[in-house]
Amino acid sequence: MIRQPSRHCTVELQAVPARIGHVRRIVSAQLRYWRLDALIDPAALGVTELLANVHRHARPSKQCTVELCVLLDQLTVSVHDEDPRLPRIRVAESWETCGRGLALIAALSESWGVRPDGSGKVVWFTLPALTTAPEEARTARGCGEPLPLEDARTATGSHIRIRGTKVG
């Protein structure tokens, strides 16, 4: 039995440092709207790491899509980029200043992975989505109401495209 409808949001962007902070704020606002406040910190940290990897490693383009999807009791955060090379966890030496991103993703998530997708790849991780109490579910907003991303869309400029749907 599905206790809660699925929820979905995508953000398309160039993974450059100035945009990563904007996307982190969009992710935080969306999770707050979905009443998943407990997931804001790990999801924002995870998406920051994945976008930093796109910025640092993806070729030929830094274009990517961040996707948030809540289905049943699980949040999946994924980043799709156009680089077909698959990342791997490596052991960073104590003196190194980078190389710990995927290990951090593995530590903060329930599960994670990478898969080829078209001419690129998708790197994803999952977090347990805590369900709302029955009394909160009765007072939750209706499915037809718009997502609260107008302010985020205006603040982030025209280089980020946001699409959100609420199904159910």
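## Salt bridges, core and pocket of a predicted model

A search of the whole structure finds two salt bridges, a salt bridge being a side-chain nitrogen of Lys or Arg within 4 Å of a carboxyl oxygen of Asp or Glu. The model is predicted, with local features needing pLDDT of at least 70 and side-chain atom pairs counting only at pLDDT 80 or more, while totals for chains, interfaces and linings use all residues. Residues are numbered from 1 along each chain as its sequence is written, and side-chain values use heavy atoms, with hydrogens and water left out.

Strands here are DSSP runs of E with at least two residues, helices are runs of H or I with at least four, and both are numbered from the N terminus. D81 and K121 are both buried; buried means under 20% relative accessible area, exposed over 50%, and partly exposed in between, for a 1.4 Å probe and protein chains only.

The other salt bridge pairs R85 with D83, whose closest N and O atoms are 2.6 Å apart. R85 counts as partly exposed because its relative accessibility is 49%, whereas D83 is buried, with a relative accessible area of 2%. Leaving aside neighbours within four places in sequence, A58 is in contact (heavy atoms within 4.5 Å) with N53, D81, D83 and R85. The C-alpha atoms of A58 and D83 are separated by 5.3 Å, although the two residues are 25 apart along the chain. At 3% relative accessibility, A58 counts as buried.

Helix α1 (residues 17-33) has 17 residues and reaches 25 Å from its first C-alpha to its last, close to the 24 Å expected at 1.5 Å a residue; the expected span is 1.5 Å times one less than the number of residues. Among the buried residues of α1 are I20, V23, V27 and L31. After α1 comes R35, whose phi is positive, near 60°. Helix α2 has 18 residues and also reaches 25 Å, close to the 26 Å expected. Its buried residues, including I40, V47, L51 and V54, pack against β1, α1, β2, β3, α3 and β5.

The largest nonpolar core has 34 residues, and those with the most contacts inside it are L31, W34, L51, V66, L75 and V79. Such a core is a set of buried Ala, Val, Leu, Ile, Met, Phe, Trp, Tyr and Cys residues joined through side-chain atoms within 4.5 Å. At least two of its residues come from each of β1 (7-14), α1, α2 (40-57), β2 (63-71), β3, α3 (101-108) and β5. Apart from neighbours within four places in sequence, V66 is in contact with C9, T10, V11, L13, V23, V47, L51, S78 and V79.

The largest pocket is lined by 25 residues, of which N53, H57, P87, R88 and L102 lie nearest its centre. The elements giving two or more residues to this lining are α2, β3, α3 and β5, and α2 gives the most, with six residues.

Terms used: 1 Å grid on protein atoms, 1.4 Å probe; cavity = no way out; pocket = protein on both sides within 12 Å on 5 of 7 lines; lining within 4 Å.
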